Amino acid sequence: MLEVKSIEQLSDEALRSALARDVTILTPTHRYARDLSRRFRDKDTAVSLVSSQILSVDRWAETTWRQLSEQGLCEPKRLLNNYERQAVWRDIVASEIESRSAEFALIQPQVASQLAQRCREIMKTHRVPWSTQGLKSIFSVEFDTRIFHEWLSSCDRLLQQKGWIFPEDVYDIIADLVA
């Protein structure tokens with residue numbers, strides 16, 4: 001069961017107390033998790049013990065998703081790393097640009113794929129349901145947003161066909177199982 005508590009006063013004492021109770025401490029970034037792990041590691045404590053208790057939110061979500069998947073609580077899928085995710089987006093955007101070369105004369109595929117990837121990540125973070133009819137009609141108002149929506153749909157179809165997920169997809173899976 002997932003229990004969330006906030007440490008009101010962030011102090012070494014509060015963090016040490018939480019670690020002593022085997023509480024997992026989540027941080028916003030990998031760097032902050034690493035820095036806290038170093039700070040609270042002492043000579044008697046194993047490095048892996050402290051490191052497994054202090055995690056970035058992203059690392060925690062990935063670990064939690066893997067555990068849920070191994071327990072058979074969610075559909076097994078392949079979690080793509082950042083390089084694979086970039087390659088998927090690059091392929092989607094490049095193929096679209098090639099098929100409509102006249103309409104995309106000035107667009108740079110590398111930049112467009114990075115922006116599309118980031119936009120999907122933000123939309124997933126905020127749980128925007130882009131497959132609903134209302135949002136489809138909003139996206140269809142302008143050429144750029146219509147094309148972006150097509151890229152989103154192409155991406156989702158590809159992920160579904162291949163049995164893949166991106167790192168930002170694990171949050172929805174965890175939320176659906178915990179709710």
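Modeller: Happy to! Strands here are DSSP runs of E with at least two residues, helices are runs of H or I with at least four, and both are numbered from the N terminus. Please keep in mind that this is a predicted model.

Let's start with strand β1, which covers residues 25-27 and includes Leu26. Burial is judged by relative accessible area: under 20% is buried, over 50% is exposed, and partly exposed lies in between. Leu26 has 41% relative accessibility, so this residue counts as partly exposed. Together with Val57 and Tyr171, Leu26 makes a nonpolar surface patch of about 220 Å².

Now for helix α2, residues 30-40, where the buried residues are Ala33, Leu36, Ser37 and Phe40. Seen down the axis of α2, these buried residues fall within an arc of 105 degrees, so they line one face of the helix.

Arg85 belongs to helix α5, which spans residues 82-99. Its relative accessible area is 6%, which means that Arg85 is buried. Leaving out residues up to four places away in sequence, Arg85 touches Leu80, Gln117, Glu121, Phe166, Pro167 and Glu168.

Taking a disulfide as a pair of cysteine sulfur atoms within 2.5 Å, the count is 0 disulfides.

Finally, let's step back to the protein chain as a whole. It holds 9 helices and 4 strands, and from the N terminus on the elements run α-β-α-α-β-α-β-α-α-α-α-β-α. Of its 179 residues, 31% count as buried. The accessible surface comes to about 11900 Å², and carbon and sulfur atoms account for 53% of that surface. As for contacts between residues at least 6 apart in sequence, 65% join residues at least 24 apart.

Notes
Residues numbered from 1 in each chain as written. Predicted model: local features only at pLDDT ≥ 70, side-chain atom pairs only at ≥ 80, totals over all residues. Heavy atoms only, no water. Patch = residues over 30% accessible without salt bridge, like charges linked within 9 Å, V, L, I, M, F, W, Y side chains within 5 Å. Areas by Shrake-Rupley, 256 points an atom, 1.4 Å probe, with all protein chains shown as cover. Salt bridge = Lys/Arg side-chain N within 4 Å of Asp/Glu carboxyl O. Buried < 20%, exposed > 50% of the residue type's maximum accessible area, 1.4 Å probe, protein only. Contact = heavy atoms within 4.5 Å. Arc of directions from axis to C-beta.
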